[in-house]
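These are my notebook entries on one model, taken in the order in which I looked things up.

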Amino acid sequence: MDLGIAGKWALVCAASKGLGKGCAKALAEEGVHVVVTARGGDALEATASELRALGRGEVRTVVGDITTAAGRAAALAACPQVDILVNNAGGPPPGDFRDWDRDAWIKALDANMLTPIELMKAVLDPMLARGFGRIVNITSGAVKAPIDILGLSNGARSGLTGFVAGLARKTVASNVTINNLLPGAFDTDRLRNTMAGAARQSGQSLEAVLDARRQNIPARRYGTAEEFGAACAFLCSAQAGYITGQNVLIDGGAYPGTF
């Protein structure tokens with residue numbers, strides 16, 4: 001299927017690896033020009049080289065922290081126009097809410113709620129004026145099924161979800177859609193780092209902990225960044241103009257509910 005977005009410009013945040021990279025690659029394969037951002041310059045340039053090798057569109061890099069005003073300004077300045085915005089930022093650390101002070105909460109809100117809102121605010125009116133826009137927020141399966149030790153993430157991402165639910169109904173008449181992608185367990189560095197912590201606490205090997213988690217997923221495997229990126233690209237497509245305000249869960253069937 002031709003997604004009808006070749007030649008569009010996309011800003012993809014936290015795109016040097018993992019799910020952000022998967023989204024950037026899927027868009028680049030469709031002929032979208034991409035601006036990719038991340039804090040680590042080496043990893044970002046390596047990803048940019050992969051994207052450029054596809055030979056489909058222009059690739060620009062911006063090294064910086066998207067959760068800061070300066071990082072957002074630099075990323076936006078590098079993109080001639082933002083037709084597609086993929087919001088993404090690393091999740092806050094796990095822990096016990098009794099140990100989190102106000103600074104910990106503000107940091108989580110800044111990264112996982114307020115930064116996406118600031119970027120949407122920056123790009124939305126030009127999208128509405130052009131009559132095309134696609135915004136995809138990478139959140140978490142924990143929005144739908146909260147995880148007790150991820151309270152910072154549960155709170156910040158749920159706040160973003162509620163905000164998007166209202167805004168997305170006001171923009172779709174101008175062919176600007178806003179949706180959230182909710183990843184479950186994907187084979188990324190973040191998953192392995194989290195599982196490494198669990199392995200240390202339990203005294204088990206990393207592979208044993210990874211396998212135990214895998215067996216609790218009905219698909220009996222972890223997701224891949226490539227298939228996550230493909231879902232993102234479809235939500236950004238010309239064909240997805242009737243989909244807005246949705247929370248698309250991609251978790252191999254792990255969530256057991258009907259709704």
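**Entry 1: aromatic pairs**

I searched for aromatic pairs and found 2 in the structure. For this search, rings of Phe, Tyr and Trp (its six-membered ring) pair if their centres lie within 6.5 Å; planes under 30 degrees apart count as stacked, over 60 as edge-to-face and the rest as tilted. W100 and W105 form an edge-to-face pair, because their ring centres are 5.7 Å apart and their planes stand at 90°. I then checked accessibility, where buried means under 20% relative accessible area, exposed over 50%, and partly exposed in between (1.4 Å probe, protein chains only). W100 counts as buried at 14% relative accessibility, whereas W105 is partly exposed at 32%.

F186 and F228 also pair edge-to-face, with 5.3 Å from centre to centre and 85° between the planes. I noted that this pair links distant parts of the chain, 42 residues apart: F186 sits in the loop between β6 and α6 (189-202), and F228 in helix α8. F186 and F228 are both buried.

**Entry 2: basis of the values**

I record here that the model is predicted, that local features need pLDDT of at least 70 and side-chain atom pairs count only at pLDDT 80 or more, while totals for chains, interfaces and linings use all residues. Residues are numbered from 1 along each chain as its sequence is written, and side-chain values use heavy atoms, with hydrogens and water left out. Helices (H or I, at least four residues) and strands (E, at least two) are DSSP runs, numbered from the N terminus.

**Entry 3: nonpolar cores**

I took a nonpolar core as a set of buried Ala, Val, Leu, Ile, Met, Phe, Trp, Tyr and Cys residues joined through side-chain atoms within 4.5 Å. The largest such core has 32 residues, and V12, L27, V36 and I84 have the most contacts inside it. The elements giving two or more residues to this core are β1 (9-12), α1 (18-29), β2 (33-38), α2 (41-53), β4, β5 and α8 (225-235). The greatest contribution is that of α1, with 6 residues. A second, separate core of 24 residues includes I66, A78, V82 and L124.

Which residues does I84 touch, not counting residues up to four places away in sequence? With contact set as heavy atoms within 4.5 Å, I84 touches I5, K8, W9, A10, L11, L27, V32, M127, F132, R134 and C236.

**Entry 4: helix α4**

The 29 residues should span 42 Å, and the end C-alpha atoms are 40 Å apart, which agrees. I also found a bend of about 45° at D110 in α4, the bend being the angle between axes fitted to the seven residues ending there and the seven starting there.

At the start of α4, a side-chain oxygen of D101 comes to within 3.2 Å of the backbone nitrogen of D103. After α4 comes G131, with a positive phi near 80°. Among the buried residues of α4 are A108, A111, N112, P116, L119, V123 and M127. Their cover includes α3 (69-77), β4 (84-87), β5 (133-138), α5 (151-171) and β6 (176-183).

Is N88 buried or exposed? N88 is buried, with a relative accessible area of 15%, and I located it in the loop between β4 and α4. Beyond residues up to four places away in sequence, N88 touches C13, A14, G20, I66 and I138. The side chain of N88 reaches the backbone oxygen of C13 at 3.5 Å and that of A14 at 3.2 Å.

A14 lies in the loop between β1 and α1. Although A14 is not a glycine, its phi is positive, about 50°. A14 counts as partly exposed at 26% relative accessibility.

N175, in the loop between α5 and β6, is another residue other than glycine with a positive phi, near 65°. N175 is partly exposed, at 26% relative accessible area.

T161 lies in helix α5 and counts as buried at 12% relative accessibility. Leaving aside neighbours within four places in sequence, I found T161 in contact with V143, N180 and N247.

Key:
Expected span 1.5 Å × (residues − 1). Polar contact = N/O pair within 3.5 Å; in protein donor to acceptor, adjacent residues only side chain to side chain.
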